[in-house]
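Here is a short tour to read alongside your viewer. Take a look at the chain, and then let's go through it together.

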Amino acid sequence: MSMLELRQVSRSYGQGDAEVHALREVSLTADEGEMVAVMGPSGSGKSTLLTIAGTLEAPTSGEVLIAGQPVSRASRNTKARLRRRVIGYVFQDFNLLPGLTAAENVSLPLELDGVSARKARVPGLRGLERLGLRERAAHYPDQLSGGERQRVAIARAMVGERRLLLADEPSGALDSTNAQAVMRLLLDACKVGGMTAVVVTHDAQLASWADRVVFLRDGQVTDQTAAAPGPESLFTQERHQ
Ligand code: ADP
Ligand code: MG
């Protein structure tokens with residue numbers, strides 16, 4: 001089943017001479033369990049694509065479907081619920097709350113969804129542990145390195161078994177070892193947990209972890225590598241040994 005589908009999505013900003021076509025009729029699908037990487041030069045529309053896929057922004061034209069449901073027809077409440085329960089988003093600048101500890105930042109989406117702080121703490125800590133940050137649980141963002149903050153943001157985006165993870169340069173602040181570890185973790189969540197991930201990256205080596213790479217230039221998809229052979233492919237991991 002396709003978890004995410006973009007149908008001829010266009011998005012422009014500004015008007016007249018100042019009009020910028022950030023996306024031009026982009027069509028893209030990501031199936032359940034699939035990891036798709038998006039590459040392209042700066043300004044090619046990668047972040048715009050992700051914010052539209054995440055229902056944070058609306059397309060100028062075209063349609064976005066999440067788990068087969070057209071988002072444009074969904075109510076504000078439905079979209080808000082999708083963002084709380086289904087879609088996990090890793091922002092380029094992390095967006096951690098400075099007044100909350102790492103553990104509180106990670107469990108926040110669950111609390112916003114009505115889970116008590118006490119109950120949300122367990123999955124929050126488990127999320128930190130998955131990213132190797134268990135001993136940083138009580139630290140505030142300004143007590144963490146850039147790479148640690150980035151991993152907290154990833155843990156927060158994944159908490160609550162979110163089905164669709166959208167990540168904008170999730171490895172930008174990470175050294176190569178940690179960046180590879182994050183890609184492996186995301187791939188595992190897709191292959192074992194059935195999550196779908198769309199990951200923007202500049203790094204071709206990191207993109208090679210994905211089942212498929214989509215290339216953007218000037219707001220258009222210029223190329224895509226072949227579709228994945230499917231979740232049963234056991235060779236995905238071995239490419240990197
Ligand atoms: P990328 O993430 O690939 O660097 P973006 O999606 O951020 O690219 O931007 C694509 C184009 O759209 C750029 O020309 C950018 O300047 C423009 N753009 C993005 N967001 C806005 C906005 N809110 N207002 C005006 N122009 C924007
Ligand atoms: Mg960007």
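This is a predicted model: local features need pLDDT of at least 70, side-chain atom pairs count only at pLDDT 80 or more; totals for chains, interfaces and linings use all residues.

## How α5 packs

Let's stay with α5, which covers residues 146–158, and bring in helix α6, residues 176–191. The axes of these two helices come within 12 Å and cross at roughly 5°. Angles under 35 degrees count as roughly parallel, so α5 and α6 are roughly parallel to each other. From the α5 side, Arg151, Ile154 and Met158 take part in the contact, and they meet Asn178, Val182, Leu185, Leu186 and Ala189 of α6. Sorted by class, this contact holds six nonpolar residues, one polar residue and one charged residue.

Helix α5 also lies across two strands, β6 and β7, the latter made of residues 164–168. Relative to β6, α5 runs at about 170°.

## The six-stranded sheet

Both of those strands belong to an open sheet of six strands. What is the strand order in this sheet? Reading across, it is β6-β7-β8-β3-β9-β10, and the pairing is mixed. The edges are taken by β6 (87–90) and β10 (220–224); each has a single partner strand, so one side of each is left without a neighbour in the sheet. On average, neighbouring strands are turned by 20° against each other, direction ignored.

Within β9, Arg212 stands opposite Val36.

## Ser10 and its contacts

Now move to strand β1, residues 2–13, where you will find Ser10. With a relative accessibility of 15%, Ser10 counts as buried. Its side chain has a polar atom 2.9 Å from the backbone nitrogen of Glu25.

Neighbours within four places in sequence aside, Ser10 is in contact with Leu23, Arg24 and Glu25, as well as with Pro59, Thr60 and Ser61.

Most residues other than glycine have a negative phi. Which phi value does Thr55 have? For Thr55, phi is near 60°, a positive value in a residue that is not glycine. Thr55 sits in the loop between α1 (46–53) and β4 (61–66), and its relative accessibility of 8% makes it count as buried.

Ala67 is another non-glycine residue with a positive phi, about 50°. This alanine lies in the loop between β4 and β5 (69–70). Is Ala67 buried or partly exposed? At 33% relative accessibility, Ala67 counts as partly exposed, whereas Thr55 counts as buried.

Definitions and conventions:
Residues are numbered from 1 along each chain as its sequence is written. Chains are lettered from A and ligands numbered from 1 in the order in which they are written. Side-chain values use heavy atoms; hydrogens and water are left out. Axes are lines fitted to C-alpha atoms, for helices over the stretch in contact, and angles run from 0 to 180 degrees between N-to-C directions. Helices (H or I, at least four residues) and strands (E, at least two) are DSSP runs, numbered from the N terminus. Angles under 35 degrees count as roughly parallel, over 145 as roughly antiparallel, 65 to 115 as roughly perpendicular and the rest as oblique. Contact means heavy atoms within 4.5 Å. Ala, Val, Leu, Ile, Met, Phe, Trp, Tyr, Cys and Pro count as nonpolar, Asp, Glu, Lys and Arg as charged, and the others, Gly among them, as polar. Two strands pair if DSSP finds at least two bridges between them. Buried means under 20% relative accessible area, exposed over 50%, partly exposed in between (1.4 Å probe, protein chains only). A polar contact is a pair of N or O atoms within 3.5 Å; within protein, one must be able to donate a hydrogen and the other to accept it, and residues adjacent in sequence count only if both atoms are side-chain atoms.
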